[in-house]
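Trainee: Could you take me through one part of this model closely? I would like to look at the sheet and the helices packed around it.

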Amino acid sequence: MMAFRELSSLEKSLGLKKPNKYSTQGDKKVPVLHSNNGPALVGLVTIATHLVQEAKRPKLLGGSAEHKALVQQWLEYRLTKVDGCLKDDIKTILKDLNSYLEDKVYLAGNQFTLADTLMYYGIHHIIVDLAIQEKEKHMNVTRWFDQVQHYTGVRHHLPPVVVLRNRVYTSGHH
């Protein structure tokens, strides 16, 4: 059901007026988009990519070939590593993301993409439960997360996560 909310929020953030009809398939509740003029589309990333194209927002999928590959890489990471991760995997995911985001504004460099939106949706439940010390420990993830949650139209169905800027964003330790 989470995928439905994500796709619905994505539709709204893209400015798509007519909501789509979704169902699920299989034990893992993979989302399926039913359209009037073509075959059903299966899978979160496939449907999200289709919605971006439908909204005529190709930059969200990446500009150059390398940028597009990076966006796809992070969409795949979301599906293979983040979705359904066990409690033990969370530390590794946060550590990997924190290290990767050390010198980047967004997942695919300096431009906001679909990868940022879907990763935000995918790790929200993790970040919302982090203690202040954990947010500080993973300050690059926290910075990225806070930036994405304030990006126009992204947060729709999710509660905001409080980030204490005075602790996270200062260089000195208190």
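Mentor: Let's start with a few terms: contact means heavy atoms within 4.5 Å. Axes are lines fitted to C-alpha atoms, for helices over the stretch in contact, and angles run from 0 to 180 degrees between N-to-C directions. Helices (H or I, at least four residues) and strands (E, at least two) are DSSP runs, numbered from the N terminus. This is a predicted model, where local features need pLDDT of at least 70 and side-chain atom pairs count only at pLDDT 80 or more, while totals for chains, interfaces and linings use all residues. Residues are numbered from 1 along each chain as its sequence is written, and side-chain values use heavy atoms, with hydrogens and water left out.

Now the sheet: it is open, with 3 strands in the order E1-E2-E3 and antiparallel pairing (two strands pair if DSSP finds at least two bridges between them). Strands E1 (21–25) and E3 (41–42) are at the edges with a single partner strand each, so one side of each has no neighbour in the sheet. Between E2 (residues 30–34) and E3 there are 2 bridges, and Leu-33 sits opposite Leu-41 in E3.

Next, the helices. H1 (residues 2–13) lies across E1 and E2, at about 150° to E1. H2 (residues 44–54) lies across E1, E2 and E3, at about 35° to E2. The axes of H2 and H3 (residues 65–82) come within 10 Å and cross at roughly 140°. On the H2 side, the contact is made by Leu-44, Val-45 and Thr-49, and on the H3 side by Gln-72, Leu-75, Arg-78 and Leu-79.
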